[in-house]
Amino acid sequence: MTNSDDFRKWGRDMVDYVAGYLDTIDKRPPLAQVSPGYLRQLIPDEAPHQPDKWEDVMADLERVIMPGVTHWHSPHFHSYFPTANSYAAILGDILSDAIGCIGFTWVSSPACTELETVVMDWMGKLLGLPDSFLSGEGESKGGGVIQGTASEATVMAILAAKMKSIRDIQHTEPDRDQYEIMSKLVAYCSEQAHSSVERAALIASVRMRLLPTDEKNALRGDALRKAIEEDKAKGLIPSFVCATMGTTGCCSFDNIEELGTVCNEEQIWLHVDGAYAGSALICPEFRYLGAGLELADSFNFNAHKWLRVNFDCSCMWVKNQQDLVGAFHVDPTYLKHEHQGQVIDYRHWHIPLGRRFRSLKIWFVLRLFGIDKLQEHIKTQVALAHEFEALVAADKRFEISADVVLGLVCFRLKGTDDQNRELLDQINKTGKIFMVGAMLNGEFILRFAICAATTTSEHVKYAWDIIKEESCKVGAKEQLNGTKEQLNGSKEDCNGTVQNGKE
Ligand SMILES: *Cc1c(COP(=O)(O)O)cnc(C)c1O
């Protein structure tokens with residue numbers, strides 16, 4: 001394919017294929033039904049010397065690729081957390097691919113830099129972030145940057161915190177060696193924090209303490225203060241706290257106000273990881289979840305999770321740009337330009353040098369949906385989670401395991417972990433819906449997340465019917481060991497299901 005005529009034609013074929021795929025995605029099993037190594041048997045051992053025909057490439061999509069795809073945008077997909085998708089974002093990405101710039105400095109592609117600065121301010125205002133995070137607000141020293149993932153945002157935050165701790169200490173004790181200081185730094189997060197937070201500390205070579213949470217699975221100020229006191233008594237230097245707004249396991253919320261107060265007193269960097277839940281801040285009724293954000297040094301959420309912008313698009317803000325830029329400043333001649341210092345050079349804001357024109361897909365989404373539609377999307381998905389919660393709560397064999405705040409419902413059969421594990425296994429084996437489990441307070445729970453933007457009440461009811469049906473099979477197996485009460489409960493409901501099935 002070398003000319004634009006082919007591109008015009010084949011491009012139309014691909015757009016048709018993509019639209020058709022998404023229109024009928026609910027007909028495919030949400031979880032790929034293949035075994036490891038399935039693909040190698042389906043394609044040649046080597047790349048072709050002469051170009052393949054377009055028709056043959058297209059035909060292979062259904063033969064080779066689709067059987068091995070787990071369909072994240074199926075309304076029957078209820079695993080993990082959502083990942084965003086929209087035609088608006090796809091269109092923005094097509095243009096980004098066509099421009100194909102590497103926008104590491106302003107001069108390497110001014111629009112790539114300037115649009116990013118502007119849409120990050122738009123986005124910050126949309127989330128109701130404190131003005132101190134926005135770049136275009138009066139005295140503010142803050143600003144936003146698009147990172148690839150929340151994991152990278154956390155790595156950036158902890159690295160910036162580390163350099164800041166060293167600078168702060170050397171300010172009063174100029175003779176102290178930076179490597180000696182580094183060896184004493186401590187970072188904190190809750191036991192419920194995402195695994196990427198622990199990894200960020202490993203990457204940054206900072207010791208990390210996982211702190212216990214309260215009965216709502218939230219990290220509180222007291223627990224942090226106690227840990228800080230213990231560590232200071234040992235001669236260590238508390239440097240960084242990562243609070244989670246919407247944990248991955250059960251969507252719990254650390255107390256940002258309490259943690260922020262402690263961090264500000266102790267001059268510790270507070271980063272808030274709102275990878276999933278951050279999107280909800282666009283709705284005024286969910287703004288309370290971000291209470292205390294003004295005390296944080298950095299904040300991050302994944303627009304690619306819940307805000308209709310395709311992966312990868314993790315929006316990160318810092319209160320003081322210099323803390324990021326100053327932490328990693330290197331300045332080779334070939335990257336210098338005459339406007340240096342007056343404009344943002346995003347290469348200083350993240351790990352790689354190269355960067356794609358990712359702000360286009362945000363710009364397209366914000367303009368082609370508008371704020372009202374995006375708010376409606378979040379509200380609808382939260383309402384669907386509450387619908388599912390009500391179905392679970394009405395069945396006495398089950399219990400809700402954590403408060404349902406946004407689009408995630410954690411629940412379990414009142415029974416053993418093994419029973420719940422088997423239930424999950426059976427549900428996924430049907431190939432009709434896909435869910436994952438998690439450990440919460442020492443118990444195995446099932447997670448039901450509202451994921452695809454096309455999920456409706458019907459899909460929620462359909463999923464619940466499957467869960468109910470499979471729970472009878474698990475219940476039946478357990479009859480010998482089960483308590484009487486459980487048994488009776490199962491029987492009643494299972495008979496109901498069977499009868500419905502006959503109708
Ligand atoms: C999903 C998630 C992450 C990881 O996100 P990536 O962008 O894949 O790195 C981190 N933290 C929380 C709370 C998450 O839900």
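## A buried salt bridge

Asp 312 is buried, its relative accessible area being 16%. In this predicted model, Asp 312 meets the side chain of Lys 361 in a salt bridge, with 3.7 Å from N to O. The two residues belong to distant parts of the chain, 49 residues apart. Lys 361 is in helix α12, while Asp 312 sits in the loop between α10 (303-306) and β7 (314-318). Lys 361 is buried too, because its relative accessibility is 0% and buried means under 20%.

The pair is part of a network. Salt bridges with shared partners join Asp 312 and Lys 361 to Asp 93, Asp 97, Arg 356 and Arg 358.

## Other salt bridges

How many salt bridges does a search of the whole structure find? The count is 35. One of them pairs Arg 220 with Asp 214, whose closest N and O atoms are 3.1 Å apart. Arg 220 is partly exposed, at 32% relative accessibility, whereas Asp 214 counts as buried, at 18%.

Another salt bridge links the side chains of Glu 173 and Arg 176, at 3.5 Å from N to O. Glu 173 has a relative accessibility of 37% and is therefore partly exposed. Arg 176 is also partly exposed, with a relative accessible area of 23%.

## Helix α2

Helix α2 covers residues 54-65, which makes twelve residues. From its first C-alpha to its last, α2 reaches 15 Å, close to the 16 Å expected at 1.5 Å a residue.

Which residues of α2 are buried? They are Trp 54, Met 58, Leu 61 and Val 64. These residues lie on the same side of α2, because they cover an arc of only 145° around the axis. Helix α1 (4-23) is included in what covers the buried residues of α2.

## A nonpolar patch on the surface

Some nonpolar residues are found at the surface: Leu 91, Ile 94 and Leu 368 form a patch there. Together they have about 300 Å² of accessible area.

Leu 368 belongs to helix α12, which runs over residues 359-369. Is Leu 368 buried or exposed? Leu 368 is exposed, because its relative accessible area is 58% and exposed means over 50%. Helix α12 thus holds both the exposed Leu 368 and the buried Lys 361.

Key: Residues are numbered from 1 along each chain as its sequence is written. This is a predicted model: local features need pLDDT of at least 70, side-chain atom pairs count only at pLDDT 80 or more; totals for chains, interfaces and linings use all residues. Side-chain values use heavy atoms; hydrogens and water are left out. Patches are made of residues with over 30% relative accessible area and no salt bridge: like charges are joined within 9 Å, nonpolar side chains (Val, Leu, Ile, Met, Phe, Trp, Tyr) within 5 Å. Accessible areas come from the Shrake-Rupley method with a 1.4 Å probe; for residues, only the protein chains shown count as cover. A salt bridge is a side-chain nitrogen of Lys or Arg within 4 Å of a carboxyl oxygen of Asp or Glu. Helices (H or I, at least four residues) and strands (E, at least two) are DSSP runs, numbered from the N terminus. Buried means under 20% relative accessible area, exposed over 50%, partly exposed in between (1.4 Å probe, protein chains only). The expected span of a helix is 1.5 Å times one less than its number of residues. The arc is that of the directions from the helix axis to the C-beta atoms. Contact means heavy atoms within 4.5 Å.
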